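Let us take a friendly walk through this structure. Please have a look at the model below, and then we will go through it step by step.

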Amino acid sequence: MPIYEYECMSCRAAFQRLVMKKEEEPDVRCPKCGSEEIKRLISRVHHHASEEDRLAAYDPKAAKEDRFFRDSRNIGLAAKKRAREMGVDLGQGFEEKLEKLRTDPGSVIRDSE
Ligand SMILES: [Zn+2]
């Protein structure tokens, strides 16, 4: 679930808001002065993105920046996206292997030797 950070253009207050649905966003107002003139600070969105959001945003055909590959949370995203598109259930074993890859890549290599 994305948490967005906003800045009020009237009083400069910064605040966060959990946005469940895109349609809810126009209703966001400054909690301090009630102004609707707010600006979303894009930078924080990535930080809070859940795997669901990552999967939704992931485009297999798009060029990836180095940042993408350095982020261990993106490991396995391609396989998951593809499996979902094909309606394949990768199962719990895959999930566990992914978690290992993300947290302790060395162990996966040792296991397969
Ligand atoms: Zn304000």
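Arg40 lies over the face of Tyr4, with 4.1 Å to the ring centre; a charge counts as sitting over a ring if NZ of Lys or CZ of Arg is within 6 Å of the ring centre and within 35 degrees of the ring normal. Lys64 also lies over a ring face, that of Phe68, at 5.6 Å from the ring centre.

A word on the basis: this is a predicted model, where local features need pLDDT of at least 70 and side-chain atom pairs count only at pLDDT 80 or more, while totals for chains, interfaces and linings use all residues. Residues are numbered from 1 along each chain as its sequence is written, and side-chain values use heavy atoms, leaving out hydrogens and water.

Back to Tyr4: Tyr4 and Tyr6 make an edge-to-face aromatic pair, 6.4 Å centre to centre with 70° between the planes. Rings of Phe, Tyr and Trp (its six-membered ring) pair if their centres lie within 6.5 Å, and planes under 30 degrees apart count as stacked, over 60 as edge-to-face and the rest as tilted. Tyr6 and Phe15 are stacked, at 5.5 Å centre to centre and 20° between the planes. Together, Tyr4, Tyr6 and Phe15 form one aromatic cluster.
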